[in-house]
Amino acid sequence: MQIRAHAGAFSMFSIALVLLPCAATASGLGRKGALRAAHLDASGLQSELGEAMAEALGCGGHVGEEHLAEIEEQITHMWQTLPKVAGDRVERRSLRYLVHRHFNRKSALHIRGFEPTRPANASGWGDADILSQRVPAFVESVLESRHKLERGFSQRDAAVMIATLEQLIFDSESALLEKVYKEQFKPIDRSLSTQGLGQVLESYMVHWMMSEDKDAIRLLLANRTLLETSFPHWEQLVGFVHGEMKSLDFRRQNTPHATSADASSRRGHNALAQRYSFDDAHGIIGGITKSFASYWESECASMKEALIDMDTRHTGRVPLSKFYSSGLDSDWRFGESETYLRELGALDETNVWIGKQVIIPNYIQAASNCIVSAPHYLVCCVNDCEGLLGEIEEAVGAPVAEPSELLAIVGNLSSQATLSDDPPRDLKGSLTSQLEQIAAAHGGRVPLHGRLFAQWLHYAFPRECPFPHKAGTANVLTPTEFGSGYIAKEEEMKEHAAAVNTSNFSAVAPGEEQ
C-alpha cells in the first residue's frame with residue numbers, strides 16, 4: 001500500500017458544526033458556549049452584526065479588541081491598496097479577495113467560498129446546511145445583512161470576519177479530535193500523559209490528512225509498520241507533532257504568566273505536572289493547522305524545483321510532454337489528467353507552436369497539490385507571489401500607481417523562490433510597454449488589484465505568480481471533488497511523453513503571450 005503525497009490520497013472529511021465548544025485560543029477568542037447551528041434560521045441572517053456573531057460563535061459574540069487590532073494591522077497594507085467604493089469602504093468582491101489573501105499569506109489556507117476564481121455574483125447563501133458546509137458564506141452573508149443599506153465594508157468589518165472564520169475553523173477541529181478520543185476510549189474530561197497525548201495527536205494527523213478514506217485510516221492505524229512505510233514522511237511528521245507538544249511544555253516553563261492567562265497552564269497541568277487536557281490538545285492542533293504548510297513546504301519546493309528543471313525557456317511553463325514523461329518516472333507526481341489540469345486552470349493551450357503547457361505557479365497552487373482538504377478550507381503550498389505583491393503594496397500604499405513607480409519597485413524585487421541560476425527579469429521592452437498600456441486604459445495609472453496587473457506580474461515573475469484566469473473559468477476542485485478522471489491514463493501519458501524530444505521551437509517572450 002502506497003499513500004500518494006498530495007490531495008489525490010487525502011480526500012475530504014466531514015465535520016459537524018453542531019454543539020461544538022469554543023476553545024480558548026492564543027488570539028484571545030474565548031470559550032463561553034457552543035456553536036448553535038441547529039437554531040439558526042433566515043431571521044438570524046438579518047440581525048445586527050454583534051447578535052449574529054454571537055449566534056455564529058456561541059461565545060457571546062465577543063472578539064477581543066486586541067486581536068481585532070492585530071488583524072487590522074496585518075491587513076493594513078493590503079487594505080490601503082484596495083479600490084474603495086465610498087470613503088474608506090470596499091465592496092463585497094474586494095472583501096472576499098482580502099480574506100482569501102490574508103489566510104493564504106498567513107497560513108497557506110484556502111478558505112472555501114472565498115476563491116478568486118469564483119464569480120463575484122455567485123450566491124449559494126441560505127442553504128439548509130450552510131454552517132456545516134459553507135461557513136465562510138454564512139459569515140459573509142451576516143456581515144452583508146447589516147450593511148445592506150450602506151455602501152461597502154470597513155476595515156473593521158474585514159477584521160471581524162477574519163477573526164470569526166479563525167474561530168469557526170478552530171471550533172470545527174474539535175469534532176474530529178473528539179472522534180479520536182472516543183476511538184481510543186479516552187474520556188475528554190480526563191487529563192492525558194505525554195504518551196497518551198502523543199497517541200491522540202498521531203491518530204488525529206492520520207484522520208486529518210486522509211479525510212474520508214475510512215478504509216485506509218483503519219488499515220494505517222491498525223498496522224504501525226504499514227503506517228511508517230506507506231505514509232509519506234511519517235517519522236518526520238511525528239517529529240513535527242511532538243515538537244508542537246514540546247513547544248507547549250516550553251511555554252509553560254518559560255512564560256508561566258502568559259500560559260496561565262490563556263489557560264494552557266493551570267493546577268495539575270503545568271511545567272511541574274506534565275498532564276494535558278482536551279483543550280490543550282485542541283490548542284496544539286489549532287497551531288498545527290496554522291503552521292502545517294510551512295512544515296510541508298519542503299515537499300512543495302521539491303516539486304517546484306523539478307518543474308523548473310523542465311522549464312528550459314524560463315517562461316514558467318512546462319510542455320505537457322515533459323510533464324508526463326517525468327510523471328511516468330515518478331511514484332506519484334505529475335499524473336493529473338489533461339482534463340483535470342484544464343479545470344484547475346493549470347494548462348496553457350494558447351501556443352500552437354509549442355503545444356500544451358503546464359503553468360508552474362498555477363499547478364503548484366492547484367487543489368490537487370493541497371495536502372489537507374477539509375470541508376471549509378484547504379492547506380496548500382505557500383504562494384510565492386504573496387511576498388512579492390506584499391512588497392509592492394507596502395511601497396505604493398494606494399490603489400493605483402504610475403507605471404514608472406511600479407517598474408522601479410518591481411525592478412528592485414528579488415524573485416523569492418527561484419533557483420540561483422535563474423536570470424533576473426528584464427523589465428524593458430514588452431513588459432514596460434504592456435504596463436504603460438494598462439495605465440493608458442485607466443487614466444494614466446495602474447490599478448494594483450486588477451486582473452491586468454496580476455497578469456503582468458505573472459509575466460514579470462512567471463515561476464512565482466499564477467496566471468489570473470477570469471472568474472468562472474477555473475475551479476478549485478480536489479481530486480475527490482473532480483471525480484475518477486483526475487488521474488491520467490498511462491497510455492495517455494506515454495503518448496504525450498513520446499513527443500518530448502520532437503519539438504525544439506524557440507521560446508516566445510513571456511510578454512508576447514499576453
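**Exercise 1.** Identify the residues through which α9 meets α12, and classify the contact.

*Solution.* Step 1: in this predicted model, α9 contributes Thr194, Leu197, Gly198, Leu201, Glu202, Met205, Val206 and Met209, and α12 contributes Trp234, Leu237, Val238, Val241, His242 and Met245. Contact means heavy atoms within 4.5 Å; helices (H or I, at least four residues) and strands (E, at least two) are DSSP runs, numbered from the N terminus.

Step 1: by class, this contact comprises ten nonpolar residues, three polar and one charged. Ala, Val, Leu, Ile, Met, Phe, Trp, Tyr, Cys and Pro count as nonpolar, Asp, Glu, Lys and Arg as charged, and the others, Gly among them, as polar.

Step 2: the axes of α9 (residues 194-210) and α12 (residues 234-254) lie 10 Å apart at an angle of about 125°. Axes are lines fitted to C-alpha atoms, for helices over the stretch in contact, with angles from 0 to 180 degrees between N-to-C directions.

Step 3: α9 and α12 are therefore oblique to each other. Under 35 degrees counts as roughly parallel, over 145 as roughly antiparallel, 65 to 115 as roughly perpendicular and the rest as oblique. The crossing is right-handed, a term for a near helix turned clockwise from the far one by less than a right angle (left-handed if anticlockwise).

Numbering starts from 1 along each chain as its sequence is written. Local features need pLDDT of at least 70, side-chain atom pairs count only at pLDDT 80 or more, totals for chains, interfaces and linings use all residues, and side-chain values use heavy atoms, without hydrogens and water.

**Exercise 2.** Describe how α9 crosses α14.

*Solution.* Step 1: the axes of α9 and α14 (residues 278-310) come within 12 Å and cross at roughly 50°, so the two helices are oblique to each other. The crossing is right-handed.

Step 1: Leu197, Leu201, Tyr204, Met205, Trp208 and Met209 of α9 touch Ala281, Ile284, Ile285, Ile288, Thr289, Phe292 and Trp296 of α14. Twelve of these residues are nonpolar, one is polar and none is charged.

**Exercise 3.** Characterise the largest pocket and the helix that gives the most to its lining.

*Solution.* Step 1: the largest pocket holds about 1300 Å³ of space. Among its 48 lining residues, Tyr97, Pro116, Thr117, Pro468 and His469 are the closest to its centre. On a 1 Å grid over the protein atoms alone, a pocket is an open set of points where a 1.4 Å probe fits, with protein on both sides within 12 Å along at least five of seven lines; lining residues have an atom within 4 Å of a point. Points are joined across faces, edges and corners, and the volume is the space filled by probe spheres set on them.

Step 1: the lining has 25 nonpolar, 13 polar and ten charged residues. α5 gives the most, with seven residues.

Step 2: α5 packs against α8 (residues 155-183) at about 50°, with axes 10 Å apart, which makes α5 oblique to α8.
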